[in-house]
Amino acid sequence: MTSGVPGTAYTASRARRAPGRAWRRVRAAAGTALLLAAVAACGGGGGGGGDADGKDPGAGDSPPASAAGGGAGSSAPATGGHTAGGGARRCTASELTMSLDPAEGPAGSRSFDLALKNTTDAACTLKGYPRVSLTGEDGAAVGSPAAHAGGTGRTVTVQPSTRAHAKLRTKSEDAADGFCWAEPRSVQVRPPGSGRTLTAEVDGLRVCGGLFTVTALEW
């Protein structure tokens, strides 16, 4: 029987077993940490910036449309109207004013300068023939719309407060032997590509000899 301080043998035996228990606790803690890391790796896309399918977008992926615009709900600015000729919009009737003035022309004819002025602060474009028709005092059409004359022209960029021009032509009364349409009260002009018309009173424009033409718009 061993003699000595009471409880010494038990204490020594417990001390000898203590390192084993401590090592098991360390291994258990390490295992728990590995398990938590594995769980985090599997579900990492769920709470952060991942896509709906749980995959994070790679460096080469395109950002969502809302992010590309710099914030929620933002989008690229829209532009209205048809684009042509260096990105400028096509002029609409609401952006233009019309004027009609006598102009020089060949002998035996009468010519008029039809001008469309850009009243906005931005350039716009026009290309082709305006549709020109005449109306009488009662609003009824006088004759037929002007026929096209010459080439179709090119795109004209109309800067703010500047004008694009077309030429109207008919025969003089003398050259037409008095064969003329009724004298119109107003002229109606629809710019190329527009669904609306510009209307102005007209004086002195009387179509004679069955000739009524308009050229494409130009400077």
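## Basis of the description

A residue is called buried when its relative accessible area is under 20%, exposed when it is over 50%, and partly exposed in between, with a 1.4 Å probe and protein chains only. The model is predicted: local features need pLDDT of at least 70, side-chain atom pairs count only at pLDDT 80 or more, and totals for chains, interfaces and linings use all residues. Residues are numbered from 1 along each chain as its sequence is written, and side-chain values use heavy atoms, with hydrogens and water left out.

## Aromatic pair

Rings of Phe, Tyr and Trp (its six-membered ring) pair if their centres lie within 6.5 Å; planes under 30 degrees apart count as stacked, over 60 as edge-to-face and the rest as tilted. The ring centres of Trp181 and Phe212 are 5.9 Å apart and the planes stand at 80°, so the arrangement is edge-to-face. Trp181 belongs to the loop between strand E10 (163-171) and strand E11 (186-190), whereas Phe212 belongs to the loop between strand E12 (198-201) and strand E13 (213-215), 31 residues apart. Strands (E, at least two residues) are DSSP runs, numbered from the N terminus. Trp181 and Phe212 are both buried.

## Disulfides

Two disulfides are present, each defined as a pair of cysteine sulfur atoms within 2.5 Å. With bonded cysteines counted along the chain, the pattern is 1-2, 3-4.

Cys91 and Cys124 are joined with their sulfur atoms 2.0 Å apart. The torsion about their S-S bond is about 90°, so this disulfide is right-handed. Cys91 sits in the loop between strand E2 (88-90) and strand E3 (96-103), and Cys124 in strand E5 (residues 124-126), 33 residues apart. Both Cys91 and Cys124 are buried.

In the disulfide of Cys180 and Cys208, the sulfur atoms are 2.0 Å apart. This link is right-handed, with 100° about the S-S bond. Cys180 lies in the loop between E10 and E11 and Cys208 in the loop between E12 and E13, so the bond ties together parts 28 residues apart in sequence. Cys180 counts as buried at 17% relative accessibility, and Cys208 is buried at 1%.

## Nonpolar core

A nonpolar core is a set of buried Ala, Val, Leu, Ile, Met, Phe, Trp, Tyr and Cys residues joined through side-chain atoms within 4.5 Å. The largest has 28 residues, of which Leu116, Leu126, Val132, Leu134 and Phe212 touch the most other members. Elements giving two or more residues to this core include strand E4 (109-118), strand E6 (131-135) and strand E9 (156-158).

Leaving aside residues up to four places away in sequence, the contacts of Phe212 include Val132, Leu134, Leu168, Trp181 and Val207, where contact means heavy atoms within 4.5 Å.

Technical notes: Helix = DSSP H or I, 4+ residues; strand = E, 2+ residues; numbered from the N terminus.
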